[in-house]
Amino acid sequence: MIKVYLVEDQALVRDAIAALLSLDFNIEVIDQASNGQDALTAINMLDSNSLPDIILTDIEMPSMNGIELSEQIASKYPAIKIVIMTTFSRAGYIRRSLNAGVKGFILKEAPSDELISALKKVMHGQKVIDPELAINALDDVDPLTDKERKALQLAGEGLKTADIAAKLYLSEGTVRNYLSDAIAKLNACNRVDAARIAKQKGWL
């Protein structure tokens, strides 16, 4: 029996996927969450015998996205396997997911039997990522540093330089430098344009 923890912010989609997975006698959805932070909090409260085998998670969610969740799980629970499901085939997402230790990358529009098959393959130690998407990920290199990415993420959310500096515990001058470097690397007009480009690429 494969124990799956399902993380998806859209309730109808989450319920539909849970119902689909429950049709397979070898898969049990042990719990669900609407974002990465709630999932991580719940998993931290489980004893070692109750941990899921696989976390099946969306990427774009409030509080903590699927890639951030994957990074946390890989650090704290290396035995738990992560499979990402998303409607976005952005190369940046795939690269960041692979770097976070994700074992599978499934598009939500994939047939249901493909999703179930992917979970079983991952459980048996295989990686499941569409070859074309993997090649795109390798060809599309994210030029941003982690600090530039964090500053740009907050700028894209509409925060002013002072607010970004406070959140990241940095000086305003340092934040301006990070944003300026990010704008230059992405050939953007301004910080909002840079955030838009990076988000389209899947780098945010």
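Ground rules. I am reading a predicted model, where local features need pLDDT of at least 70, side-chain atom pairs count only at pLDDT 80 or more, and totals for chains, interfaces and linings use all residues. Residues are numbered from 1 along each chain as its sequence is written, and side-chain values use heavy atoms, with hydrogens and water left out.

The sheet. I found six strands in an open, parallel sheet, ordered E2-E1-E3-E4-E5-E6. Strands (E, at least two residues) and helices (H or I, at least four) are DSSP runs numbered from the N terminus, and two strands pair if DSSP finds at least two bridges between them. E2 (27–33) and E6 (128–129) each have a single partner strand, so one side of each lacks a neighbour in the sheet.

Pairings. I looked up E1 with E2 and found six bridges, running parallel. Ile2 has Ile27 as its bridge partner in E2. Between E1 and E2 the chain passes through helix H1 (residues 11–22) in a right-handed β-α-β crossover (clockwise from first strand over helix to second, strands pointing away from the viewer). E3 (residues 54–57) and E4 (residues 81–86) share four parallel bridges, and Thr57 has Ile84 as its partner in E4.

I located Asp58 in the loop between E3 and helix H3 (66–76). Is Asp58 buried or exposed? Its relative accessibility is 5%, so I noted Asp58 as buried (under 20% relative accessible area; exposed is over 50%, partly exposed in between; 1.4 Å probe, protein chains only). Beyond neighbours within four places in sequence, Asp58 has contacts (heavy atoms within 4.5 Å) that include Asp9, Thr86 and Lys108.
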